[in-house]
Amino acid sequence: QAQLVESGGGLVQPGGSLRLSCTASGFTFRTYAMSWYRQGPGKGRELVAQIGSSGSTYYADSVKGRFTISRDNAENTVYLQMNSLKPDDTAVYYCKVVTMGYWGQGTQVTVSS
């Protein structure tokens, strides 16, 4: 039974930073590519960042240079470091296994003065 649990969301001012975590269980984490998606109010889910089992990364243009995805295979955890946050970054952020239909429950990020 695969499980993904996100944490680290919260309220932050524009220009601030947050670090999201996604802890996985129930599968061989180190062999799978992982991704972060987000869904803002009234919007569909969009791919934010992705990291392969080899450590290769991909970022959406809207977050490139501000967000960093990383993973710690010993802890079965993928991270999303978010810097220079903007109000448009406000969304529920979800963790996903790239090649399987597994999603976490999401963690809310709100960027507001």
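My entries below go from a sheet to a sulfur bridge.

**Entry on the model.** I am working with a predicted model, and I keep that in mind throughout.

**Entry on the sheet.** I looked up the strand order first. I found an open sheet of 4 strands, running β1-β3-β8-β7 with antiparallel pairing. I then checked the edges: β1 (3–7) and β7 (67–72) each have a single partner strand, so one side of each is left without a neighbour in the sheet.

**Entry on β1 and β3.** Next I zoomed in on one pair. β1 and β3 (residues 18–25) run antiparallel and are joined by 5 bridges. As a landmark I wrote down S7, which stands opposite S21 in β3.

**Entry on the disulfide.** How many disulfides does the count come to? I got 1. C22 and C95 form a disulfide, and I noted 2.2 Å between their sulfur atoms. I looked up where the two ends sit: C22 is in strand β3 and C95 in strand β9 (residues 91–97), so the pair links distant parts of the chain, 73 residues apart.

**Entry on handedness and burial.** I took the torsion about the S-S bond of C22 and C95 as well; it is about -85°, so the disulfide is left-handed. Are its cysteines buried or exposed? C22 has a relative accessible area of 0%, so I logged C22 as buried. C95 is buried too, with a relative accessible area of 0%.

Conventions: Residues are numbered from 1 along each chain as its sequence is written. This is a predicted model: local features need pLDDT of at least 70, side-chain atom pairs count only at pLDDT 80 or more; totals for chains, interfaces and linings use all residues. Side-chain values use heavy atoms; hydrogens and water are left out. Two strands pair if DSSP finds at least two bridges between them. A disulfide is a pair of cysteine sulfur atoms within 2.5 Å. Buried means under 20% relative accessible area, exposed over 50%, partly exposed in between (1.4 Å probe, protein chains only).
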